[in-house]
2 protein chains.
Amino acid sequence: MGPRWKGKGSELKALANPISNSISDLQSSLIESNSQGILSGSTVLLATNPQQTDLLNQTCFGRPVITVDKPNQWFQFSLEEAFYLYHSLKCIKIVDGNHNIKTVNELWDYMVSKRASFPDFFKAYSHLRVKNWVVRSGCQYGVDFVAYRHHPSLVHSEYGVLVFSDGNGNRNGNDRLRVWSDFQCTLRLCGSVAKTLLILHVNRNGEDVICSSPSCLDGFSVDEQTITRWNPERCREDQAAVN
Amino acid sequence: MGPRWKGKGSELKALANPISNSISDLQSSLIESNSQGILSGSTVLLATNPQQTDLLNQTCFGRPVITVDKPNQWFQFSLEEAFYLYHSLKCIKIVDGNHNIKTVNELWDYMVSKRASFPDFFKAYSHLRVKNWVVRSGCQYGVDFVAYRHHPSLVHSEYGVLVFSDGNGNRNGNDRLRVWSDFQCTLRLCGSVAKTLLILHVNRNGEDVICSSPSCLDGFSVDEQTITRWNPERCREDQAAVN
């Protein structure tokens, strides 16, 4: 199943505006304005200027928040998104409610304290983002993420993503697909919304014990696996018999 | 969400032919012909005469199997279906491959050996069947059963059913709905196929240890719970504001 572009001209439009370019522009702009995200529970808030608002919308990081704070626009990021901007793109600082800048290790501890599986989810998120996939929450479809080839206004998401991990028993992985009925449910739903189920296995490679800083991420590896229904007709030796 | 009848006249047709009547007829017919089901792995096979074929189709027990054994029709039953005909309706005997009639305890042991959660699934299955719901496998929708108000040719299934149990830790229950993404997936799928998610909690009430015969089923109780998405608009105090 290839990408399903939304309407005529979308594919050309996407080709003319690679996501990677927009991300570079976003990165420069946020660095230039010395942007600081504010920790707020399990999210990070960031005030943006109109150019940054535009670039964040283009690259699908966070979601705009409606406030009365004019002319600033505010964006709310998930933990993965915020840490990607902070640690991978190195284009924002992150402060706590008292405007104290967090060190990388403080931030890491904070995020892991919010969700024990954060290292695995962040590894999976960044694994797709560095390949210039647009990654959004999959909660609408009962998966961890959905991945788009380009901006969601131009193309439907191609993959529903579930993140699995060998870290610390099940705690850092995903308590999914243990029984057939869950498999059947997930595949049926992905099929009905024209997505392919992509499993990202995060292998901690023994980095379990020392996962106290983001440097442990370098020791992680990611295996990709797509799962689709087996269709006897499509798998027959005699191709002429199909259809 | 009420029943969704298939086409005009289906509701009247259903009212004129209650499932309970067809089940009584089936029961009499199978008793009269001294019917014997044959154990075959995790299924039971039964040869039927044309009247029984008709009644089994009407009541949705088992599924017809295509064979060259004319004029007999063969039906294949799941473990729950076979045990319901055997133990609840008492209208068939069950034999092994050597035509030896199984005692009730032998049969019980066999079914539990095929699936440790059989007592819970059978309890849930019979809980719905005695209320004259038509119960079929839910594997197409990633649930344990689907429940119809009448024959599937007249009405769409109303409930997707998952079976949970407090028996023996997780082994006899269902490894489902442990994480939000599974919840979201199941609710989204049920919604998209217009079913309500029905959870049947089978409480073993301490019958765990002595569940060595079907008599333990009498000690089980079943709690019913439907799960639907919360819709803020529908829950507002000011009803006039809706729509």
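A salt bridge, as the word is used here, is a side-chain nitrogen of Lys or Arg within 4 Å of a carboxyl oxygen of Asp or Glu. By this rule there are 14 salt bridges over all chains. Before we visit some of them, please note that this is a predicted model, in which local features need pLDDT of at least 70 and side-chain atom pairs count only at pLDDT 80 or more, while totals for chains, interfaces and linings use all residues. Residues are numbered from 1 along each chain as its sequence is written, chains are lettered from A and ligands numbered from 1 in the order in which they are written, and side-chain values use heavy atoms, with hydrogens and water left out.

Let us begin with Asp120(A), which forms a salt bridge with Arg204(A), their closest N and O atoms being 2.9 Å apart. Asp120(A) sits in helix H6 (residues 118-129) of chain A, and Arg204(A) lies 84 residues away, in the loop between strand E9 (196-203) and strand E10 (221-227). Helices (H or I, at least four residues) and strands (E, at least two) are DSSP runs, numbered from the N terminus. Both Asp120(A) and Arg204(A) are buried; buried means under 20% relative accessible area, exposed over 50%, and partly exposed in between (1.4 Å probe, protein chains only).

A second pair, Lys131(A) and Glu224(A), meets in a salt bridge at 3.8 Å, N to O. Lys131(A) lies in the loop between H6 and strand E6 (134-137) of chain A and Glu224(A) in strand E10, so the pair ties together parts that are 93 residues apart in sequence. Lys131(A) is partly exposed, at 46% relative accessible area, and Glu224(A) is partly exposed too, at 49%. Then comes the salt bridge of Arg176(A) with Asp182(A), with 3.0 Å between the closest N and O atoms. Here Arg176(A) is buried at 1% relative accessibility, and Asp182(A) is buried at 0%.

Where does Val155(A) lie in chain A? Look in the loop between strand E7 (145-148) and strand E8 (159-165). Val155(A) is buried, with a relative accessible area of 0%.

Now for the meeting of the chains. In all, 20 residues of chain B are in contact with 20 residues of chain A. The area buried between them is about 1600 Å², of which carbon and sulfur atoms give 59%; buried area is the accessible area (1.4 Å probe) that two parts lose on being put together, summed over both. On the side of chain B that touches chain A, helix H7 (residues 180-192) of chain B gives the most, with seven residues. The count of salt bridges between chain B and chain A is zero.

Finally, chain B can be laid on chain A with an RMSD of 0.0 Å by a turn of 180° and a shift of 0.0 Å along the axis, copies being superposed by least squares on the C-alpha atoms of residues with pLDDT of at least 70 in both. The two copies are thus related as by a two-fold rotation axis. Of the residues of chain B, Leu189(B) comes closest to that axis, at 2.8 Å (C-alpha).

Definitions and conventions. Contact means heavy atoms within 4.5 Å.
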